[in-house]
Amino acid sequence: MATIVFADNKEGKITKSSFEAVSYANGIGGDTIVVTYGSIEGDGGLGNYGADKVLVASGLTNPDSGQIAKIVAQAAEENSAEVVVFSHDHVGRMAAPRVAVKLDAGIVSGVTALPNTDGGFVVQKNVFSGKAMAHVSVSSEKKVLTVIPNSVGAKATG
């Protein structure tokens, strides 16, 4: 199983919430493939958080959500990814739904914990302004998730 993660960067530096998203994807298991854009040095430190492979769309320097959705969906299709992960930030909230449509995938936004895969794929998310939690079962073949920053933390793998 492969998981695609979108990693945003600002002037060649990967954002903290993107490291958290990569760490989350690594916790799911399987190959963690990261998609980013612009110019980064090496793997941008993403390997330290579990990225097995980093794909860089070097021709994009300031992409909009449509362009991001296009490169992420293409990477998901080319790598037969079952799960796509975004940070639940401005970019993720705009691009994730577009990716879900392109991949005919189920989507859950605002995830706060790793999925429970015992007998399915169930994720936890906050509801009612964080006063309660919901457990959402995703039965589609492909899944798109946005992860709330600071909910799972960025855990270095090595």
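Biologist: Where is aspartate 8 found?

Modeller: Aspartate 8 sits in the loop between strand 1 and strand 2 (9–10). Please keep in mind that this is a predicted model.

Biologist: Is aspartate 8 buried or exposed, and why?

Modeller: Aspartate 8 counts as buried because its relative accessibility is 5%, and buried means under 20%.

Biologist: Which residues does aspartate 8 touch?

Modeller: Not counting residues up to four places away in sequence, aspartate 8 touches Lys13, Ile14, Thr15, Ser18, Tyr37 and Val91.

Biologist: How many residues apart in sequence are aspartate 8 and threonine 146, and what is the C-alpha to C-alpha separation in space?

Modeller: The two residues are 138 residues apart in sequence, and their C-alpha atoms are 13 Å apart in space.

Biologist: Staying with threonine 146, what joins its side chain to that of histidine 88?

Modeller: The side chains of histidine 88 and threonine 146 are joined by a polar contact of 2.8 Å. Histidine 88 itself lies in the loop between strand 6 and helix 3.

Biologist: Is histidine 88 buried or exposed?

Modeller: Histidine 88 is buried, with a relative accessible area of 18%.

Biologist: With which residues is histidine 88 in contact?

Modeller: Leaving aside neighbours within four places in sequence, histidine 88 contacts Arg93, Ser109 and Gly110, together with Thr146, Val147, Ile148 and Pro149.

Biologist: On to the helices. Which residues of helix 1 are buried?

Modeller: In helix 1, the buried residues are Ser17, Ser18, Phe19, Glu20, Ala21, Val22, Ser23, Tyr24, Ala25 and Ile28. Ten of the 13 residues are therefore buried, so the rest of the structure largely encloses helix 1.

Biologist: What span should helix 1 have, and how far apart are its end C-alpha atoms?

Modeller: Helix 1 (residues 16–28) should span 18 Å at 1.5 Å a residue, and its end C-alpha atoms are 19 Å apart, which agrees.

Biologist: Which residue follows helix 1?

Modeller: Glycine 29 follows helix 1, and its phi is positive, near 105°.

Biologist: Now helix 2. How many residues has it, and how far does it reach?

Modeller: Helix 2 (residues 65–78) has 14 residues and reaches 20 Å from its first C-alpha to its last, close to the 20 Å expected.

Biologist: What caps the N-terminal end of helix 2?

Modeller: Aspartate 64 does, with a side-chain oxygen 3.0 Å from the backbone nitrogen of glycine 66. After helix 2 comes serine 80, whose phi is positive, near 50°.

Biologist: Which residues of helix 2 are buried, and what covers them?

Modeller: The buried residues of helix 2 are Ser65, Ile68, Ala69, Ile71, Val72, Ala73, Ala75 and Ala76. Their cover includes strand 1 (2–6), strand 4 (31–37), strand 5 (53–57), strand 6 (83–87) and helix 3 (90–103).

Biologist: At what angle do the axes of helix 2 and helix 3 cross?

Modeller: The axes cross at roughly 45° and come within 8 Å. The two helices are therefore oblique to each other. Helix 2 passes helix 3 in a right-handed crossing.

Biologist: Which residues make the contact?

Modeller: Helix 2 contributes Ser65, Gly66, Ile68, Ala69, Lys70, Val72, Ala73, Ala76 and Glu77. Helix 3 contributes Val91, Met94, Ala95, Arg98, Val99, Lys102 and Leu103.

Biologist: A change of topic. Which side chain makes a polar contact with that of glutamine 124?

Modeller: The partner is the side chain of histidine 135, at 3.4 Å. Glutamine 124 is found in strand 8 (residues 122–127). Leaving aside neighbours within four places in sequence, its contacts are Gly110, Val111, Thr112, Ala113, Met133, Ala134 and His135.

Biologist: What is phi for glutamate 11 and for serine 129?

Modeller: Glutamate 11 has a positive phi of about 55° although it is not a glycine. For serine 129, phi is near 55°, also a positive value in a residue other than glycine.

Biologist: Where are they found, and are they buried or exposed?

Modeller: Glutamate 11 is in the loop between strand 2 and strand 3 (13–14), and counts as exposed at 84% relative accessibility. Serine 129 is in the loop between strand 8 and strand 9, and counts as exposed at 76%.

Terms used: Residues numbered from 1 in each chain as written. Predicted model: local features only at pLDDT ≥ 70, side-chain atom pairs only at ≥ 80, totals over all residues. Heavy atoms only, no water. Helix = DSSP H or I, 4+ residues; strand = E, 2+ residues; numbered from the N terminus. Expected span 1.5 Å × (residues − 1). Buried < 20%, exposed > 50% of the residue type's maximum accessible area, 1.4 Å probe, protein only. Contact = heavy atoms within 4.5 Å. Polar contact = N/O pair within 3.5 Å; in protein donor to acceptor, adjacent residues only side chain to side chain. Axes fitted to C-alpha atoms, helices over the stretch in contact; angles between N-to-C directions. Parallel < 35°, antiparallel > 145°, perpendicular 65-115°, else oblique. Left-handed = near helix turned anticlockwise from the far one by under 90°.
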